[in-house]
Amino acid sequence: MENASESHSDLTTREDVRTVVQAFYHDIAEDPSIGAFFDDVDMQAHVPKLVDFWCSVVFQTGTYRGRPFHAHAALNGLNADHFTRWLDRFESIIDERFAGPNAEQMKSRARHIATIFQSKLGVLRDEDVAERFG
Ligand code: HEM
């Protein structure tokens with residue numbers, strides 16, 4: 001892993017963010033844990049929205065003006081295992097392609113937002129609270 005990350009450069013452009021977002025959703029339907037949640041999602045609309053979201057988070061572009069949590073409140077049965085899988089998938093997709101401060105920031109912001117979402121959904125595990133804030 002150490003060697004792999006040394007050969008990658010950091011994520012610096014909107015195109016880099018698009019690479020990550022597209023890879024994340026590319027075959028999401030086949031993911032045995034979280035794929036089904038995306039069955040009815042219009043990816044043509046979702047992917048550009050998520051590129052805006054992540055550019056706003058990592059580069060402070062202000063291109064996303066939505067309510068990120070809102071859609072998740074309607075997903076029945078969403079639990080901590082799903083978030084673990086979401087984060088593993090997201091982090092490996094970044095690590096396989098990029099390495100540097102922005103890549104690290106994207107992963108840590110994802111963990112932070114996932115914690116907030118789980119807290120709002122009432123599915124946050126005690127040990128995850130301890131790990132983050134303990
Ligand atoms: C297991 C965890 C997750 C599942 C199953 C999930 C699933 C979804 C689904 C189904 C949508 C609605 C798509 C649509 O029809 O427009 C959505 C939207 C979105 N998700 Fe997630 N999500 C998860 C975790 C996360 C996390 C951790 C983040 C951020 C770090 C995130 C960021 C977003 C954003 C920004 C939107 C767009 C909201 C909008 O409409 O403005 N999601 N997600």
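Me: Thanks! Which residues of α3 are buried?
Reply: This is a predicted model, where local features need pLDDT of at least 70, side-chain atom pairs count only at pLDDT 80 or more, and totals for chains, interfaces and linings use all residues. Numbering runs from 1 along each chain as its sequence is written. A residue is buried if 20 or more other C-beta atoms lie within 10 Å of its own, exposed if 12 or fewer, and partly exposed in between, with C-beta atoms placed from the backbone. In α3 that gives Leu50, Val51, Trp54, Cys55 and Val58.

Me: What do the buried residues of α3 pack against?
Reply: Contact here takes two C-beta atoms, placed from the backbone, within 7 Å. For the buried residues of α3, the partners are α2 and α6.

Me: Let's pick out Val51. Why is Val51 buried?
Reply: Val51 is found in helix α3. It counts as buried because the number of other C-beta atoms within 10 Å is 20.

Me: And with which residues is Val51 in contact, leaving aside neighbours within four places in sequence?
Reply: As a distance to go with this, the C-alpha atoms of Val51 and Thr19 are separated by 9.1 Å, though the two are 32 residues apart along the chain. The contacts of Val51 beyond those neighbours are Arg14, Val17, Arg18 and Val21.

Me: How far apart are the end C-alpha atoms of helix α2?
Reply: Helices are DSSP runs (H or I, at least four residues; strands are E, at least two), numbered from the N terminus. The expected span is 1.5 Å times one less than the number of residues. For the 13 residues of α2 (residues 14-26) that should be 18 Å, and the end C-alpha atoms agree, at 18 Å.

Me: Which exposed residues sit on the face of α2 turned away from its buried side?
Reply: The buried residues of α2 are Asp16, Val17, Val20 and Val21. They fall on the same side of α2 because their arc around the axis is only 130 degrees. What covers them includes α3 (43-59) and α5 (80-95). The face turned away carries Glu15 and His26.

Me: Is Arg111 buried, exposed or partly exposed?
Reply: Arg111 lies in helix α6. Its C-alpha atom is 9.4 Å from that of Glu91, 20 residues apart along the chain. With 15 C-beta neighbours inside 10 Å, Arg111 is partly exposed.

Me: Which residues come nearest to the ligand?
Reply: A residue is near a molecule or strand if its C-beta atom, placed from the backbone, lies within 6 Å of it. Of the 22 residues around the ligand, the nearest are Phe37, Gly66, Ala71, His82 and Ile113.

Me: Which elements give two or more residues to that shell?
Reply: The shell divides into 16 nonpolar, 4 polar and 2 charged residues. Nonpolar means Ala, Val, Leu, Ile, Met, Phe, Trp, Tyr, Cys and Pro; charged means Asp, Glu, Lys and Arg; the others, Gly among them, are polar. The elements asked for are α3, α4 (70-73), α5 and α6 (101-121).

Me: Last one: how many helices are there in the protein chain?
Reply: Read along the sequence, the pattern is α-α-α-α-α-α-α. There are 0 strands, and the number of helices is 7.

Methods:
Arc of directions from axis to C-beta.
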